[in-house]
Amino acid sequence: MCFPWHNQNLGTHNFVLFNGRRQDQCEQLQMDSSIETKKTNFLNMDFSLCFNSPIIYNLVHFLLVFSLVCPVFSSSEIGNDPVANNTFKPKEELQKLIIIRNHLQKINKPSIKTIQSPDGDIIDCVISHHQPAFDHPLFKGHKPLDPPERPENHNKMDVLSDNFQLWSLSGESCPEGTIPIRRTKEEDMLRASSINRFGRKLRRHVRRDTNSNGHEHAVGYVTGNQYYGAKASINVWAPRVANQYEFSLSQMWVISGSFGDDLNTIEAGWQVSPELYGDSYPRFFTYWTSDAYQATGCYNLLCSGFVQTNNKIAIGAAISPTSSYSGGQFDISLLIWKDPKHGNWWLEFGSGILVGYWPSFLFTHLRDHASMVQFGGEIVNSRQGSHTSTQMGSGHFAGEGFGKASYFRNLQVVDWDNNLIPLSNLRVLADHPNCYDIQGGINNVWGNYFYYGGPGRNVRCP
């Protein structure tokens with residue numbers, strides 16, 4: 001018996017394998033002449049069934065056979081049922097799968113070693129000058145740069161174990177001359193709300209004084225001077241995210257330009273994003289844009305941009321351990337600064353662990369300096385009528401303090417002479433303080449700091 005299939009069923013990755021077995025080789029579809037005659041236009045599509053991925057191969061095989069056996073129901077055959085009218089469209093779905101396959105071939109580079117992470121990630125060890133950054137036309141024939149001079153007054157007291165990511169707990173590592181890259185899978189792209197926007201933040205008007213298209217913040221920021229970098233320590237949590245299309249993150253922003261279409265940002269921190277990663281682990285991430293998230297930039301290494309130089313850190317991989325309520329606190333230290341010699345923006349993780357750099361040619365305003373630095377949390381609220389229950393930080397308000405609320409500590413900026421200096425004019429702002437709030441302070445141990453976060457929906461945030 002044939003059943004109508006609908007587009008919403010294809011948003012998942014629970015695909016059917018024919019006869020319970022995988023197809024390891026391409027098979028020639030055998031059709032009788034009557035079916036072939038009826039389906040001539042469909043079979044003239046220019047594509048190959050010889051897919052490397054078994055998931056894509058089996059789904060394409062299924063779509064072809066299903067379209068030849070079962071007619072596509074029209075609204076006149078089914079009636080006025082709005083769900084039934086959303087009919088299965090094999091041509092569009094096949095084209096979507098072809099786009100996914102081509103994109104995966106572009107971003108998943110050949111590896112010399114593969115490591116299986118306990119959380120299900122696959123880490124590929126890719127030769128450093130074969131990483132996605134070098135697909136950029138201005139980088140053809142280049143190799144990663146040597147480490148630059150670090151800022152003066154750089155405190156190396158924070159010590160971070162090499163085993164702070166789940167994949168490294170396997171005891172495996174990538175050889176010198178390679179970098180670890182989290183492999184992107186078919187199901188990652190199939191989860192995305194937009195295939196064309198995969199790995200990018202949604203376009204939105206960015207303002208730091210109000211809620212913007214469902215994005216809500218609790219942040220500390222400085223503005224009014226020229227900034228050449230920033231540093232902070234952030235404790236890591238695993239906040240609950242209410243649904244696949246929301247996220248919760250804690251990060252630093254290095255910003256220049258207006259908050260119009262010319263916005264330049266460099267971003268790094270940790271995030272929980274079920275849509276991007278398919279789970280609820282907090283993950284180390286980077287981001288950049290030079291046009292307010294419109295056409296440039298991406299997360300991690302999902303486009304040509306950030307150049308990774310480290311063979312021990314996988315950007316986008318899960319962080320372990322995490323902080324616990326009324327228990328142990330685990331924080332990570334991040335430093336972003338502009339190399340005075342070459343003008344590139346470098347990223348350091350922990351104590352002296354250089355991750356890599358954003359080339360200066362990626363930017364317009366940030367080719368010179370930043371005009372604002374921001375620290376804090378951000379969530380996406382996708383609900384209409386009531387607030388999301390997605391948590392920010394620990395999921396608890398700032399007033400609960402150490403061991404319960406999330407924090408940023410030892411906030412510093414880099415000045416024009418490559419010196420790390422304390423903040424002199426930190427301001428704090430929460431878009432919706434009944435949902436997520438922030439409280440700043442200063443002392444001799446933590447310097448400039450703040451607590452921030454919250455549970456989202458509660459009696460004061462309905």
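Are Trp 288 and Phe 363 buried or exposed? Both residues are buried (under 20% relative accessible area, with exposed over 50% and partly exposed in between, for a 1.4 Å probe and protein chains only).

## Basis of the model

This is a predicted model, in which local features need pLDDT of at least 70 and side-chain atom pairs count only at pLDDT 80 or more, while totals for chains, interfaces and linings use all residues. Residues are numbered from 1 along each chain as its sequence is written, and side-chain values use heavy atoms, without hydrogens and water.

## Aromatic pairs

The rings of Trp 288 and Phe 363 have centres 5.9 Å apart and planes at 80°, so the pair is edge-to-face (rings of Phe, Tyr and Trp, the last by its six-membered ring, pair if their centres lie within 6.5 Å; planes under 30 degrees apart are stacked, over 60 edge-to-face, the rest tilted). Trp 288 belongs to strand β8 and Phe 363 to the loop between β12 and β13, 75 residues apart (strands are DSSP runs of E, at least two residues, numbered from the N terminus).

Phe 306 and Trp 358 also form an edge-to-face pair, at 4.7 Å centre to centre and 70° between the planes. Phe 306 is buried, with a relative accessible area of 1%, and Trp 358 is buried at 0%.

## The open sheet

Six strands form an open sheet in the order β8-β7-β6-β13-β4-β16, with antiparallel pairing (two strands pair if DSSP finds at least two bridges between them). Strands β8 and β16 stand at the edges with a single partner strand each, so one side of each has no neighbour in the sheet. Strands β6 and β13 pair over eight bridges; Ser 250 has Gly 377 as its bridge partner in β13.

Methods
Helices (H or I, at least four residues) and strands (E, at least two) are DSSP runs, numbered from the N terminus.
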